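Please look at the pockets and the ligand in the structure below. The questions that follow ask what each term rests on.

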Amino acid sequence: MSENIQRKIRSFVMRTSKMTPGQKRAIEDIFPQFALDEKQKFNVKDAFGNNNRVCVDIGFGNGESLVHIAQMQPDVNFVGMEVHTPGVGHLLLQIEKYGIKNIRIYQYDGTEVLKECFANNSIDAMHIYFPDPWHKKRHHKRRLIQDAFLEMLMPKLKDQARMHIATDWQQYAEHIQDVFSRFPQFINVESNNDFTDRPDWRPITKFERRGINLGHESYDLIYHLNKS
Ligand SMILES: C[S@@+](CC[C@H](N)C(=O)[O-])C[C@H]1O[C@@H](n2cnc3c(N)ncnc32)[C@H](O)[C@@H]1O
């Protein structure tokens, strides 16, 4: 186990952007129905009222992808983790608008929630879409995807769990390939640890569209965990 697993990965900055009145109302009125408590152990039956598969999305932003995917897969339980309050408010408004039943939310550092709340072998899939790339070299230690993160996460995942990551920052994409290459238990769906095509279930979000218009490419990586 690498030494820095003890050190917290500070992969986000707390931004103080203003909330719209709708987001504020959503946080006050709707959030309690969908919020999970980072001080308690996660229990799928208590959280969702069923034992369906569990997919975790860390850093869902405004929830655009999460809402889309949760609607397409109503028999999967989605646990979203995000620290940014307006993003949580935005997601709640979408949940309300579309009557979505299969999303629950931690407004907390996802790395801490995974470490403290999730039992071993409790997660079927992870989605990490456009994690902050932390461009500068001195900030690379803040990247979410790093050895210490995978070491912490691996026991929490079920055998054959799927990890799907997308980024539009080529150097981060290569860094992610590099990190996974040190964990042979994660089998890339492509040969040579290569990028894969964006699967149908991942929508192109507004954020991504903006990047594409600026000439950025997106890089998808999908791994399955082989625990045997
Ligand atoms: C660049 S945004 C991408 C948002 C979204 N996934 C998308 O595809 O549009 C990255 C998000 O991850 C969140 N984030 C970063 N580290 C996090 C962590 N440890 N726990 C929860 N959220 C985190 C940030 O607050 C930010 O909203």
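Q: What makes up the lining of the second largest pocket, by class?
A: The lining has seven nonpolar, one polar and seven charged residues. Here Ala, Val, Leu, Ile, Met, Phe, Trp, Tyr, Cys and Pro count as nonpolar, Asp, Glu, Lys and Arg as charged, and the others, Gly among them, as polar. The model is predicted: local features need pLDDT of at least 70, side-chain atom pairs count only at pLDDT 80 or more, and totals for chains, interfaces and linings use all residues. Residues are numbered from 1 along each chain as its sequence is written, and side-chain values use heavy atoms, with hydrogens and water left out.

Q: How much space lies in the second largest pocket, and why is it called a pocket?
A: About 200 Å³ of space lies there. On a 1 Å grid over the protein atoms alone, a pocket is an open set of points with protein on both sides within 12 Å along at least five of seven lines, whereas in a cavity a 1.4 Å probe fits but cannot get out; so the word pocket marks an open set. The volume is the space filled by probe spheres set on the points, which are joined across faces, edges and corners.

Q: Which residues that line the second largest pocket are closest to its centre?
A: They are K8, Y108, D109, E112 and V113, out of 15 lining residues. A lining residue has an atom within 4 Å of a point.

Q: What is the volume of the largest pocket, and what does "sits in" mean for the ligand?
A: The volume is about 1000 Å³. The ligand sits in this pocket, which means that more than half of its atoms lie within 2 Å of the pocket's grid points.

Q: Which residues around the ligand come nearest?
A: Of 16 residues, S11, G59, E82, G110 and Y129 come nearest. A residue is near if one of its heavy atoms lies within 4 Å.
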